[in-house]
Amino acid sequence: MSASSALTSRVPTDSGGAPTASKALLPRPTLLVPIVVGLVVLALLTLPLDRALVAASLAGVLVVLSALDLQRGIIPNRIVLPASAILLLAQVALFPNRAQEWVLAGLLAAVVLAIPPLLGRRWMGMGDAKLALLIGVGLGWGVFGAVLIAFLCVFPVALLLLLLRGGLAARKTTIPFGPFLSLGALIVLFGPHLAGLPTS
């Protein structure tokens with residue numbers, strides 16, 4: 001989805017207020033738990049233990065935040081900000097030689113995604129910027145690959161909505177961007193290892 005599209009990826013109140021868009025159904029905990037458990041197992045099977053602990057934590061939080069974004073159109077500060085702080089502390093403790101990368105990648109990604117809402121563009125929300133902070137802290141410079149994948153994934157969805165709904169109805173449709181950011185992060189996190197590619 002591009003800035004020129006009138007489809008929006010976030011309702012205006014994604015920092016904790018009541019959403020104005022129609023709500024999607026929140027996946028039941030019975031569905032969320034197997035997803036989180038599966039990602040934790042995947043992390044433990046594919047990554048060294050220290051990286052697996054960080055990856056499992058990041059993946060679990062991303063699943064929860066994606067579910068909340070789909071349900072309410074918000075990415076709650078009370079989850080994403082403490083999670084970012086805790087993940088940063090863990091990263092610095094485990095990989096002190098990359099501490100600067102974790103901090104800079106998170107801050108830069110958050111600033112980049114904060115520009116549209118700060119300029120009054122409603123197709124992106126501040127919750128997305130905070131989620132980018134979390135992903136940046138977890139992935140380092142890989143966050144920008146995750147953001148790119150997220151935009152590539154959301155384009156077909158936006159196009160499909162335009163084709164199916166058309167006209168004013170499609171232009172007023174909101175698309176939660178958080179799940180796409182989370183998907184991009186998970187692909188960057190696990191994709192190279194599953195494909196047998198070398199990683200840093």
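**Entry 1: a serine to start with.** I looked up S182 and found it in helix α8; helices here are DSSP runs of H or I with at least four residues, strands are runs of E with at least two, and both are numbered from the N terminus. S182 is buried, with a relative accessible area of 3%. Buried means under 20% relative accessible area, exposed means over 50%, and partly exposed lies in between (1.4 Å probe, protein chains only). Leaving aside neighbours within four places in sequence, I saw S182 in contact (heavy atoms within 4.5 Å) with L62, S66, L131 and I135.

**Entry 2: what I am looking at.** I noted that this is a predicted model, where local features need pLDDT of at least 70, side-chain atom pairs count only at pLDDT 80 or more, and totals for chains, interfaces and linings use all residues. Residues are numbered from 1 along each chain as its sequence is written, and side-chain values use heavy atoms, with hydrogens and water left out.

**Entry 3: confidence.** The pLDDT (the predictor's confidence in each residue, from 0 to 100) averages 83 over the chain, and 80% of the residues score at least 70. Over residues 1–25 the pLDDT is below 50, and I noted 73 contacts for this stretch beyond near neighbours in sequence.

**Entry 4: the core.** Which residues touch the most other members of the largest nonpolar core? Of its 51 residues, they are L62, L131, L134, I135, F177, L181 and F190. Such a core is a set of buried Ala, Val, Leu, Ile, Met, Phe, Trp, Tyr and Cys residues joined through side-chain atoms within 4.5 Å. Helix α2 (49–72) is among those that each supply at least two residues, and the largest share, 10 residues, comes from α2. I also checked F190, which touches L39, L42, A43, T46, L47, A55 and A59, not counting residues up to four places away in sequence.

**Entry 5: two helices.** The axes of α4 (residues 99–118) and α6 (residues 143–164) come within 10 Å and cross at roughly 30°. Axes are lines fitted to C-alpha atoms, for helices over the stretch in contact, with angles from 0 to 180 degrees between N-to-C directions. The two helices, α4 and α6, are therefore roughly parallel to each other (under 35 degrees; over 145 is roughly antiparallel, 65 to 115 roughly perpendicular, the rest oblique). A105, L108, A109 and L113 of α4 meet V143, F144 and V147 of α6.

**Entry 6: one alanine.** A105 sits in helix α4 and counts as buried at 0% relative accessibility.
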